[in-house]
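Student: I have the structure open. Can we go through it by question and answer?
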Amino acid sequence: MSVQLWTWILVGITFALYFGIAIWARAGSTKEFYVAGGGVSPLANGMATAADWMSAASFISMAGIISFAGYDGSVYLMGWTGGYVLLALLLAPYLRKFGKFTVPDFIGDRYYSNTARTVAVICALIVSFTYVAGQMRGVGIVFSQFLQVEITTGVIIGMAVVLVFAFLGGMKGITYTQVAQYCVLIFAFMVPAIFISIQMTGNIIPQIGMGSRVEDGTFLLEKLDNLHTQLGFKEYTEGTKSTWDVFAITLALMAGTAGLPHVIVRFFTVPNVKDARKSAGLALLLIAILYTTAPAVSVFARTNLIETVSDQEYTSLPEWFKNWENMGLIAWSDKNEDGKIQYVNGDATTGKPEFTAERGASGERLIANASTETNELYVDRDIMVLANPEIAQLPSWVIALVAAGGLAAALSTAAGLLLVISTSVSHDLIKKQLKPNISEKGELLAARLSILVAIIVAGLFGIYPPGFVAAVVALAFGLAAASFFPAIVLGIFDKRMNKQGAISGMIVGTILMLFYMIRFKTGLIGVLDPLPASEWWFGTSPEGFGTFAMLINVIISITISRLTPAPPKDVQEIVERIRIPSGAGEAQHH
């Protein structure tokens, strides 16, 4: 059977499963809509948390980033997995014991202020919309390539799917759908990795295969280093980032992970604090399966890509190359007019490819914005995982399986993020501030209407993405680190922290992070161009600036809290109480 037919079959089966679960797990109360009724088992919650976390960025983009960045890409592995350790140790059990299932609700009650709650709602919306835009675009890319539809159509289909299991079931429907999605995405990621590891090194375990020898007796990583140096790239195993920037990016990603609102809410779906700890640990183990495999997938994909396309005649290239070229995610410009692809270090185009209506002498799509550099090949990093099975000539069902996995990853995270957006509006804004006497039925209706509006807005971001969306998805972590993480940690461990300090810290941290993103990453269209890396403050990249903004947040929060009145006595007692293990009593004299 063809790849497209296999894709229709596998995607159809998985979507039927998701819809069935959504109908079975319909939410009948606000508690079921917001926290799945609080009765989810630790294992199910761990799987759902892992699926919620492993977004299109993890499934599709992370291995692509590592494929091109090499050693420097390790910061994403360290930051995103290390963040779960922080979450399990510093946040999950204490927030669960505090009993508030959204970050704005915790901040509003801990800092006894609706102003603090509103600031937290705004921060949650900024972080969540920044993150969800990339998920919807990822859905569109997967659908457009494997189902042969336009990206816009792919995004609309994704919106409809998320709408069904989020609108009907809320957190209850999303939780059990994400359990199924975890199984799909991890199977889809591991199967091609195992196939290619056996194919290239004879080793069934990809993590070991990455460090094994290939047919000519050299180590795979040594072979890739040699391929890189021959083409003018830096060695794959050589890092270029400064020690400070590696530290800053890693810490920003860790703190951002621990502060992401759509992840924190998952620990309220289990019955008690003990189960929250268990599910955090299980989620880390389940996530580690993909995250330890991603470097191997990156090495396999990078090696296969170079060997398949470098110095090859365009007319002899396999069908997968031309399929991705028609998508605009691979581009070749025959600068020396020899009919062969010269893939060397340098930019093939000035920005993303801009194709003309004509075809070249070899049948290639002509590029209007080809650069003057020697390199002739443009490859979008996001296609590496999706194209890897095609490059390795794996069976059609494996290629289709990756499509189903990519969709599961993008849809599971999009659903979690959209629920956070909905909850921030219906619970933290309407119920807690604008209309405190709203009935449960009215609040549930507001939540569903909020999620409908959120899906429409997220879909528009996917269909008409700002030029910087792909670049700033990772920066959502910096925003979470700069805004939420200090307020949550200090709220748990510093009973002297008051509303004035928390509000000031969140506002300054968020504004500082947004300013740095605009000046060094995105610019302002028609007003300002992004500044070059040579202008970075203290050598800190935009991806790592969340650490700097977070430290400023902490300093401002502590300083202002010490210069203003202490929190009320009852708030201080709550802070002390949530840190006492259950069952602990007063110390006894002997």
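This is a predicted model: local features need pLDDT of at least 70, side-chain atom pairs count only at pLDDT 80 or more; totals for chains, interfaces and linings use all residues.

Student: What separates the C-alpha atoms of A370 and S333?
Tutor: Along the chain, A370 and S333 are 37 residues apart. S333 is one of the contacts of A370. Their C-alpha atoms are separated by 6.8 Å.

Student: Is A370 buried, partly exposed or exposed?
Tutor: Buried means under 20% relative accessible area, and exposed means over 50%. A370 has 32%, so A370 is partly exposed.

Student: How do the axes of α3 and α17 cross, parallel or perpendicular?
Tutor: Helix α3 (residues 42–53) and helix α17 (residues 396–434) have axes that come within 7 Å. The axes cross at roughly 95°. Angles of 65 to 115 degrees count as roughly perpendicular. Therefore α3 is, relative to α17, roughly perpendicular.

Student: Which residues in α17 meet α3, and how is the contact made up by class?
Tutor: From α3 come A51, D52 and W53; from α17 come S412, T413 and G416. By class, the contact of α3 with α17 has 2 nonpolar, 3 polar and 1 charged residues.

Student: How many aromatic pairs are there, and which residues form one aromatic cluster?
Tutor: Rings pair if their centres lie within 6.5 Å. By this rule the count is 16 aromatic pairs. One aromatic cluster is formed by F515, Y516, W537, F538, F545 and F548.

Student: Are the rings of Y76 and W80 stacked, edge-to-face or tilted?
Tutor: Both residues belong to helix α5 (residues 74–98), 4 residues apart, about one turn of the helix. Y76 counts as buried at 13% relative accessibility, and W80 counts as buried at 4%. The ring centres of Y76 and W80 are 5.3 Å apart and the planes are at 55°, so the pair is tilted.

Student: Where is confidence lowest, and where is it highest?
Tutor: The mean pLDDT of the protein is 81, with 90% of residues at 70 or more. Over residues 467–471 pLDDT stays under 50, with 4 contacts beyond four places in sequence. Confidence is lowest in helix α19 (residues 469–472), at a mean of 48, and highest in helix α22 (residues 545–563), at 94.

Methods
Residues are numbered from 1 along each chain as its sequence is written. Side-chain values use heavy atoms; hydrogens and water are left out. pLDDT is the predictor's confidence in each residue, from 0 to 100. Helices (H or I, at least four residues) and strands (E, at least two) are DSSP runs, numbered from the N terminus. Contact means heavy atoms within 4.5 Å. Axes are lines fitted to C-alpha atoms, for helices over the stretch in contact, and angles run from 0 to 180 degrees between N-to-C directions. Angles under 35 degrees count as roughly parallel, over 145 as roughly antiparallel, 65 to 115 as roughly perpendicular and the rest as oblique. Ala, Val, Leu, Ile, Met, Phe, Trp, Tyr, Cys and Pro count as nonpolar, Asp, Glu, Lys and Arg as charged, and the others, Gly among them, as polar. Rings of Phe, Tyr and Trp (its six-membered ring) pair if their centres lie within 6.5 Å; planes under 30 degrees apart count as stacked, over 60 as edge-to-face and the rest as tilted. Buried means under 20% relative accessible area, exposed over 50%, partly exposed in between (1.4 Å probe, protein chains only).
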